[in-house]
Amino acid sequence: MLSVNISKKILRDFSFKYENSIKVEFAYQEEILGSANALLMAESLLDEPFGVINAFSFYQRESFQLLWNNLQSLKQNDCFFVCYKLSNVMAESGGVTRGICELDDQNKLLSVVDRYNIERVGGEPAYRNEFGKIVGLDENILVSMNMWGFTSNIFYMLHKDYSSFTETYGISPKSHYTVPIFVNRSLREGLDVRGVNTVARWMGLVSADDRSQAILRINEMIRKGVYPPRLFEITN
């Protein structure tokens, strides 16, 4: 599993806490150039089907189960993503960025476009487009939360597209090369991506308030038996 957008300190703390329970290896992105660039940094560690997630998102157990199950049967040139209903991934306060997806009737991804500052306007989800106009969104639309399943074969296309991207936009923190950008550009080159639907709800972990709300929700899931009280028995 590759988790992007996470500090070295958190990585060290995680490694120390779980080193006797799971195998952990690290690849570092020295400059923040986007999640797809981070994926390239981890290429040497990934020789079998793998998942990609955001470190600051809590995806819930069902989504991880879907990710794991689909990775087990992933063929060499296949890839997929776990897609959420927009209504299940709205923040309680403030705007959020979501990858708005278009899929065909076979759940094949046709496009994924990041929309920024999505929030409820008059009770309905909406965002402002590049002209400042408010654009409403269907609550049931499917979105990407950056939970992807790939095989190592993806790196050939990733290297090729990264070269093309940097030739156009340069190498700069202002021109982030993200996984959604890579996927959307590569769909036009024949990349085949299928959507795997989940009914799970998302929780963001980017502030102290988010942390307290996440703890409350996780404790509720423990109470209901969704999660055990401890994921691992820590021995160190």
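Predicted model: local features only at pLDDT ≥ 70, side-chain atom pairs only at ≥ 80, totals over all residues.
In soluble globular proteins, nonpolar side chains tend to be buried together. In the present model, the largest nonpolar core has 30 residues, and those that touch the most other members are L109, F150, V183 and V193. Two or more residues are given to this core by each of the helices α2 (35-41), α4 and α5, and by each of the strands β2 (50-54), β4 (79-85), β5, β6 and β9, with the largest share, five residues, coming from α4. The surroundings of V193 can be listed in more detail: when its neighbours within four places in sequence are left aside, V193 is in contact with C79, F80 and F81, with N107, K108 and L109, and also with W148, V183 and L187. Another core, of 22 residues, lies apart from the largest one, and I53, V82, Y84 and L137 are among its members.

The second largest pocket has a volume of about 1,200 Å³, and its lining is made up of 46 residues, of which F56, V96, T97, R98 and W202 lie nearest the centre of the pocket. The elements that give two or more residues to this lining are the strands β5 (96-103), β6 (109-121), β9 (142-150) and β11 (203-204), together with the helices α4 (154-169), α5 (179-187) and α6 (208-224). Among these elements, α6 gives the most to the lining, with five residues. When the lining is divided by class, 18 residues are nonpolar, 20 are polar and eight are charged.

Definitions and conventions. Residues numbered from 1 in each chain as written. Heavy atoms only, no water. 1 Å grid on protein atoms, 1.4 Å probe; cavity = no way out; pocket = protein on both sides within 12 Å on 5 of 7 lines; lining within 4 Å. Points joined across faces, edges and corners; volume = space filled by probe spheres on them. Helix = DSSP H or I, 4+ residues; strand = E, 2+ residues; numbered from the N terminus. Nonpolar A, V, L, I, M, F, W, Y, C, P; charged D, E, K, R; others polar. Core = buried A, V, L, I, M, F, W, Y, C linked by side-chain atoms within 4.5 Å. Buried < 20%, exposed > 50% of the residue type's maximum accessible area, 1.4 Å probe, protein only. Contact = heavy atoms within 4.5 Å.
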